[in-house]
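Welcome! Please take a moment with the sequence and the model below, and then we can walk through some of the charged side chains together.

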Amino acid sequence: QVQLVESGGGLVQPGGSLRLSCAASGSILNINGMGWYRQAPGKQRELVAHIASGDVTNYADSVKGRFTISRDYTRNTVYLQMNSLNPEDTAVYYCKVAARSKRYPYGNDYWGQGTQVTVSS
């Protein structure tokens with residue numbers, strides 16, 4: 001199986017920064033794309049940023065210019081650097097990995113457990 005471990009959430013003041021990490025491990029054959037989603041209370045889960053093979057990235061309009069997604073291929077880890085945070089960024093952030101594994105050789109999506117990000121003074 002594939003396991004995802006997220007870290008880096010917490011409480012930060014408006015204008016501050018946080019860096020999220022998500023490490024994938026297990027019987028991974030290949031990772032296609034890695035991304036971050038978030039879900040605020042009473043709202044649907046939404047895409048924040050995604051990075052595909054070849055480091056092709058895309059971002060939600062609300063985070064462009066403030067957030068940066070990156071990937072360490074040797075560690076199967078994806079990062080989300082979040083700068084200039086504001087209260088509207090408060091949410092549970094989830095990592096998603098699209099990977100081929102021994103159990104799912106044609107591919108499957110895997111989700112992290114979520115990490116809380118709270119932006120408040």
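## The overall picture

Please keep in mind that this is a predicted model. A search through the whole structure turns up 6 salt bridges. Some of the residues involved join into a network: Arg 38, Glu 46, Arg 66 and Asp 89 are linked in this way.

Where does Asp 89 lie? Asp 89 is found in the loop between β8 and β9. Its relative accessibility is 1%, and Asp 89 counts as buried because the cut-off for that is under 20%.

Which residues does Asp 89 touch, leaving out those up to four places away in sequence? They are Arg 38, Arg 66, Phe 67, Ser 84, Val 117 and Val 119. Two of these residues, Arg 38 and Arg 66, deserve a visit of their own, as Asp 89 forms a salt bridge with Arg 38 and another with Arg 66.

## The bridge to Arg 38

In the salt bridge between Asp 89 and Arg 38, the N to O distance is 3.0 Å. Arg 38 belongs to strand β4 (residues 28-39), while Asp 89 sits in the loop between β8 (77-82) and β9 (91-101), so this pair ties together parts that are 51 residues apart in sequence. Is Arg 38 buried or exposed? With a relative accessible area of 5%, Arg 38 is buried.

## The bridge to Arg 66

The side chains of Asp 89 and Arg 66 also meet in a salt bridge, here with an N to O distance of 2.8 Å. This pair again links distant parts of the chain: Arg 66 is in the loop between β6 (56-59) and β7 (67-72), and Asp 89 in the loop between β8 and β9, 23 residues apart. Arg 66 has a relative accessibility of 15% and counts as buried.

## A bridge between two strands

Now for a pair that brings in other residues. Lys 96 forms a salt bridge with Asp 109, and their closest N and O atoms are 3.7 Å apart. Lys 96 lies in strand β9 and Asp 109 in strand β10 (residues 108-111), so the bridge ties together parts that are 13 residues apart in sequence.

Technical notes: Residues numbered from 1 in each chain as written. Predicted model: local features only at pLDDT ≥ 70, side-chain atom pairs only at ≥ 80, totals over all residues. Heavy atoms only, no water. Salt bridge = Lys/Arg side-chain N within 4 Å of Asp/Glu carboxyl O. Helix = DSSP H or I, 4+ residues; strand = E, 2+ residues; numbered from the N terminus. Buried < 20%, exposed > 50% of the residue type's maximum accessible area, 1.4 Å probe, protein only. Contact = heavy atoms within 4.5 Å.
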